[in-house]
Amino acid sequence: MPIQQIDDFQVFKFESFSTSEITHGIVGREGGVSPDPWRSLNVGGFIGDDPDRVAKNVRRTFEVLGRHVGTKHDVWQSHSADFHIAIAPRGDLPPVHADILISQTTDVTLFMRFADCVPILMHDPVQRVIAIVHAGWKGVTLDAPGKAIRTLCNTFGSRSGDIVVGIGPSICAECYPVGIDVANAVEKVFRGATETFLWKRVGTFHLDLPLACRKQLEREGVRNIEMCSICTAMDLENWYSHRGENGRTGRFGALLALEG
Ligand SMILES: [Zn+2]
């Protein structure tokens, strides 16, 4: 099963990822120390939760997957399509603004935070390179998923057919009505070919973010894509949902690391 109960924690793991070459997991909201509205394993800073509690939650998130928190490399996620290559743990350096985080070293654990936006984990076992992408509707309009694949190919010599991709817990189309401005921006980047993931209803649109990301990956030639069927807004016991909780919520963490 993709969901594993490890001690007090719910961990989502993709079945298509190698367990010997990489360590990965997306860790749900159970098992932390934060009170409502961040209950309980909130790893998001700057959203009102106490920094000491957040630090404790981050440490627990790493421990449950057997990675030392000192290997963490995270970024300031800003709904861009900018990439950053982590060559060492971030340590005390300020975080770079980026939404595509890449590494080729076993010294680093890539770490990103989510609450509805799409976590996309990537592993190329041939070139031994990993990436995490954070893609909401802005990321989709910037083709962040496609840009991540092109970056792996151009910078690390990956072939898109070799890259294994997992699309993690995120908001489903049913739970994600969007305005006409978002719908128009999505129409534009897909040149109108949006019928399967942009639903037109009377007076509104619904965007299937994970499926839109999948389309952008497929356009780059990615074939090995595992989709998680969990909707964050429909499972608030286990995940955080910015939309489903009207912005008063926390963030869950996605980790990815190469193993030596
Ligand atoms: Zn939903």
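Is arginine 191 buried or exposed? I looked it up: Arg191 is exposed, because its relative accessible area is 80%. (Exposed means over 50% relative accessible area, buried under 20%, partly exposed in between, with a 1.4 Å probe and protein chains only.)

Before going on, I noted that this is a predicted model, where local features need pLDDT of at least 70, side-chain atom pairs count only at pLDDT 80 or more, and totals for chains, interfaces and linings use all residues. Residues are numbered from 1 along each chain as its sequence is written, and side-chain values use heavy atoms, with hydrogens and water left out.

**Entry: two arginines**
I found Arg191 in the loop between helix 4 and strand 12. (Helices, H or I with at least four residues, and strands, E with at least two, are DSSP runs numbered from the N terminus.) Arg191 has a positive phi of about 50° although it isn't a glycine. I saw a positive phi at Arg128 too, near 55°. Arg128 sits in the loop between strand 8 (118–124) and strand 9 (129–135), and it counts as partly exposed because its relative accessibility is 31%.

**Entry: helix 4**
Next I stepped back to helix 4 (residues 180–189), where Val182, Ala183, Val186 and Val189 are buried. Down the axis of helix 4, these buried residues fall within an arc of 130°, so they line one face. (The arc is that of the directions from the helix axis to the C-beta atoms.) I remembered the general rule: an α-helix has 3.6 residues a turn, so residues three or four places apart point the same way. The face turned away from the buried side carries exposed Ile180, Asp181 and Lys188. I also checked what the buried residues of helix 4 pack against, and the list includes helix 2 (137–141) and helix 5 (209–219). (Contact means heavy atoms within 4.5 Å.)

**Entry: histidine 84**
I found His84 in strand 5 (residues 83–86). It counts as buried because its relative accessibility is 17%. Its side chain makes a polar contact with the side chain of His73, at 3.0 Å. (A polar contact is a pair of N or O atoms within 3.5 Å; within protein, one must be able to donate a hydrogen and the other to accept it, and residues adjacent in sequence count only if both atoms are side-chain atoms.) Leaving aside neighbours within four places in sequence, I listed the contacts of His84, among them Val75, Val96 and Ile102.

**Entry: cis bonds**
I spotted a cis peptide bond from Asp36 to Pro37, with omega near 0°. The bond from Arg39 to Ser40 is cis as well, with omega near -15°.
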